[in-house]
Amino acid sequence: MMRSAVVLIAVTLAACSPMAGPGTAPSADLPDAIHLTVKSWGVNLHDWRIAADGTGTYTYADTTGETSFMQADQVTKRVSITPAGYARIAAALEPAAPYVRGEPLACAHRITDMPYGTVTFEDDGSESSFDYNIGCQSEAAAQVYDAIAAARDEVAAMTASMPEASRAPSSR
């Protein structure tokens, strides 16, 4: 609950900051960086790492047109967002935070062949990670997956107008 309050305060303060911009430190105790991966059948769907100063990279499978995700180009963008944007991403991932810190996620049952990945928080040179598989089904898991989807969607929206840094065929 305390971390939720800290994230809420960070979102509020960062949004009100007149000097918010890439390179500016966030105004609360957020992770130094957040890294999210989403894969399916070994193919990268989304992979981003964003530092608290709003800089990072975002690689995703470009599935526009008739291309399946298995043959989609991998597009990489350099990320440059505001501290308020970073705080929104951290806030979106708040339901996953206990599991990143090591709490086990209960599964009522498992569905095979679902997307999977990792959420990583970097703090003071150390990493805490949570490996997830969307096939793990429970009420708590559904909240975590909704949080992961919300953070993924935030990053996609924030970077939609940013230019491509590179594009390569899928390596699968």
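User: Where is the place of Thr 112?

Analyst: Thr 112 sits in the loop between strand 5 and strand 6 (116-123). Keep in mind that this is a predicted model.

User: Is Thr 112 buried or exposed?

Analyst: Thr 112 is exposed, and its relative accessible area is 63%.

User: How far apart are Thr 112 and Cys 136 in space?

Analyst: The C-alpha to C-alpha distance between Thr 112 and Cys 136 is 8.8 Å. In sequence they are 24 residues apart.

User: What does Cys 136 form with Cys 107?

Analyst: Cys 136 and Cys 107 form a disulfide, with sulfur atoms 1.7 Å apart. A disulfide is a covalent bond between the sulfur atoms of two cysteines.

User: How many disulfides does a search of the whole structure find?

Analyst: One disulfide turns up in a search of the whole structure. Cys 107 lies in the loop between helix 3 (97-100) and strand 5 (109-110), and Cys 136 is in strand 8 (residues 136-137), so the pair ties together parts that are 29 residues apart in sequence.

User: Is that disulfide left-handed or right-handed, and why?

Analyst: The torsion about the S-S bond of Cys 107 and Cys 136 is about -105°, so the disulfide is left-handed.

User: And which is it for Cys 136, buried or exposed?

Analyst: Cys 136 is buried, at a relative accessible area of 4%. Cys 107 is partly exposed, at 28%.

User: What is the phi of Asp 124?

Analyst: Asp 124 has a positive phi too, about 50°, and is not a glycine. Asp 124 lies in the loop between strand 6 and strand 7 (126-133). With a relative accessible area of 74%, Asp 124 is exposed.

User: Zooming out, how many helices and strands does the protein have?

Analyst: The protein has four helices and nine strands. Along the sequence they follow the pattern α-β-β-β-β-α-α-β-β-β-β-α-β.

User: What share of the residues count as buried?

Analyst: Of the 172 residues, 41% count as buried. As for contacts between residues at least 6 apart in sequence, 65% join residues at least 24 apart.

User: Which residues touch the most other members of the largest nonpolar core?

Analyst: Trp 48, Ile 89 and Leu 93 do, in a core of 39 residues. Helix 4 (residues 139-159) gives the largest share of this core, seven residues.

User: What is Leu 93 in contact with, leaving aside its neighbours within four places in sequence?

Analyst: Leu 93 is in contact with Ile 34, Trp 48, Val 119, Phe 121, Ala 147, Ile 148 and Ala 151.

User: At what angle do helix 2 and helix 4 pack?

Analyst: Helix 2 (residues 83-92) and helix 4 pack at an angle of about 160°, with axes 8 Å apart. Angles over 145 degrees count as roughly antiparallel, and helix 2 and helix 4 are therefore roughly antiparallel to each other. Their crossing is left-handed.

User: Which residues meet there?

Analyst: From helix 2, Gly 85, Arg 88, Ile 89 and Ala 92 meet Ala 147, Ala 150, Ala 151, Glu 154, Val 155 and Met 158 of helix 4. Ile 89 was also among the core residues that touch the most other members.

Technical notes:
Residues numbered from 1 in each chain as written. Predicted model: local features only at pLDDT ≥ 70, side-chain atom pairs only at ≥ 80, totals over all residues. Heavy atoms only, no water. Disulfide = S-S within 2.5 Å. Helix = DSSP H or I, 4+ residues; strand = E, 2+ residues; numbered from the N terminus. Buried < 20%, exposed > 50% of the residue type's maximum accessible area, 1.4 Å probe, protein only. Core = buried A, V, L, I, M, F, W, Y, C linked by side-chain atoms within 4.5 Å. Contact = heavy atoms within 4.5 Å. Axes fitted to C-alpha atoms, helices over the stretch in contact; angles between N-to-C directions. Parallel < 35°, antiparallel > 145°, perpendicular 65-115°, else oblique. Left-handed = near helix turned anticlockwise from the far one by under 90°.
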